[in-house]
Structure formats: structure tokens, C-alpha cells
Amino acid sequence: MEPLDLYSKIQTLVINEAKKQAELVYEKKGTKYNVADVPTHSHNGIDSVQLNYKNIIQGNKYITLLVEDVVEDVTIGGIFNPTRISFYGFAANNADGTPATKRAVISGEINFGRCFSVSDLTPPIVVTAIGQAVPFVQSGNSMYIDTTDLTKTRVGASGVNFIYAVDDSASVVAQGTVTDYNNQTGVLSISFTVGTNWKIQGGFTIN
């Protein structure tokens, strides 16, 4: 056999053995050391798969401040695939000066997904919209105090509003309700109602 022919055969054997050993090493060590078998590609939007931001579950977002002192409908955009929105804040009546003597501490949540609500019947039962789960549910609670007369303290709770506060006469003085959410556009619609001289102030945490 000619030296060149012998070299060619030996070279082929060495290459095949090297490949075999490399595959064995990857099988044993690849997962342990997070070795990824990624084909050659470029991130140019054509040769690699592009994920739409609407399909990505986002981390926490925080809207630091919400102030409402009029009755109005508002929209918040850029919210995709939320699981929960929490609100912590207060309502205050500044009619008697600053700081306000009439205040209500408020907390509430909106939960998204296959949601169900509980009725106020006795005994309570789980109810749904037309026999099916609803896309979101919301609830809120509050504690109202009048610093000039602590006997007027009153608590309030709602199973249909994430912002809800009543005064000592049980009149609703602050209310916030999610009226619609569209995951395709990322738009959340909220309706606010406030009593005369009342203002809602607080923050959102969006998960």
C-alpha cells in the first residue's frame, strides 16, 4: 500500500474516532456544564425565529403613582400577559384643609386567567359568567377614618372593584373598576369614580 493511501485511511479512522469520542463527552458532560448544541445562525430576523413581545411573560412592572380626582375612564397600554395587578394607596378629602382629616386606606387586586367569583348568597357559591370562567376578577377593601371623630371609622369591601372606599355614612367616595382588558393590544381600561373633594392616590404593581 502506498504511503499516501495508508495516511488517508489512518486520517479517516482518526477523524471518525474523534467524532465518536466528542459525542460521548457531550452526552456525559454537556448538561452538567450547560453546553448548548446551537446551529450556526444570525439574529437578523430572517434566519432565526423571532418571538413577538406579546408572547413573552413579563417580569414586574411598577407604575409609581396614580392620582385621580375626577370621574373618568382611562386606559393603560403596553400590558401583555399579566397575572396580577395590585394597588396600594388611599383616598383623602381635603375640603377641611391639609392634611386631610377624612381618609381611607385602600388595597386591591385584579387577577387574570381562568377566574371565578364567589356569590354573596347564603351559603356562598362559586358563580361564573354564563357558566364559564371569566378572564379576570377584581376586589378591594378599605378603612375610612375621620381624625376629628374616630367613632366614624368604617371598613368597606367590594368583590367587583379593585379600588373601593366608603365614608361613615356608607356613601362610596372612591372607586376604581377594570372594565376591559385586551391581551392582543395590551390595553387595560379602568373607570374611576370619586366623591366631591375626594382624591385617589396610590401605586400599581403589575406582575
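## Ring pairs

Rings of Phe, Tyr and Trp (its six-membered ring) count as a pair if their centres lie within 6.5 Å; planes under 30 degrees apart are called stacked, those over 60 edge-to-face, and the rest tilted. By that rule, ring pairs join Phe-87, Phe-162 and Phe-204 into a cluster. The structure, which is a predicted model, holds six aromatic pairs.

One of them is Phe-87 with Phe-204, an edge-to-face pair with 5.8 Å from centre to centre and 65° between the planes. This pair links distant parts of the chain, 117 residues apart: Phe-87 sits in strand β3 (residues 84-93) and Phe-204 in strand β12 (residues 198-206). Phe-87 has 0% relative accessibility, so it counts as buried (under 20% relative accessible area, with exposed meaning over 50% and partly exposed in between; 1.4 Å probe, protein chains only). Phe-204 is buried too, at 3%.

Now meet Phe-112 and Tyr-181: their ring centres are 5.2 Å apart and their planes lie at 65°, so this pair is edge-to-face. Here again distant parts of the chain are linked, with Phe-112 in strand β4 (residues 102-115) and Tyr-181 in strand β10 (residues 172-182), 69 residues apart. Both Phe-112 and Tyr-181 are buried.

Asp-146 belongs to strand β7 (residues 134-146). Asp-146 is buried but has no salt bridge, and the nearest side chain of opposite charge, that of Lys-152, is 4.3 Å away. A salt bridge needs a side-chain nitrogen of Lys or Arg within 4 Å of a carboxyl oxygen of Asp or Glu; Lys and Arg count as positive, Asp and Glu as negative, while His and the chain ends are not counted.

Beyond its neighbours within four places in sequence, Asp-146 is in contact (heavy atoms within 4.5 Å) with Thr-101, Lys-102 and Lys-152.

## The whole chain

Stepping back, the chain has one helix and twelve strands. These are DSSP runs numbered from the N terminus: helices are H or I with at least four residues, strands E with at least two. Along the sequence, the pattern is α-β-β-β-β-β-β-β-β-β-β-β-β.

Of the chain's 207 residues, 28% count as buried. Among contacts between residues at least 6 apart in sequence, 56% join residues at least 24 apart.

## How to read the values

Residues are numbered from 1 along each chain as its sequence is written, and side-chain values use heavy atoms, leaving out hydrogens and water. Local features need pLDDT of at least 70 and side-chain atom pairs count only at pLDDT 80 or more, whereas totals for chains, interfaces and linings use all residues.
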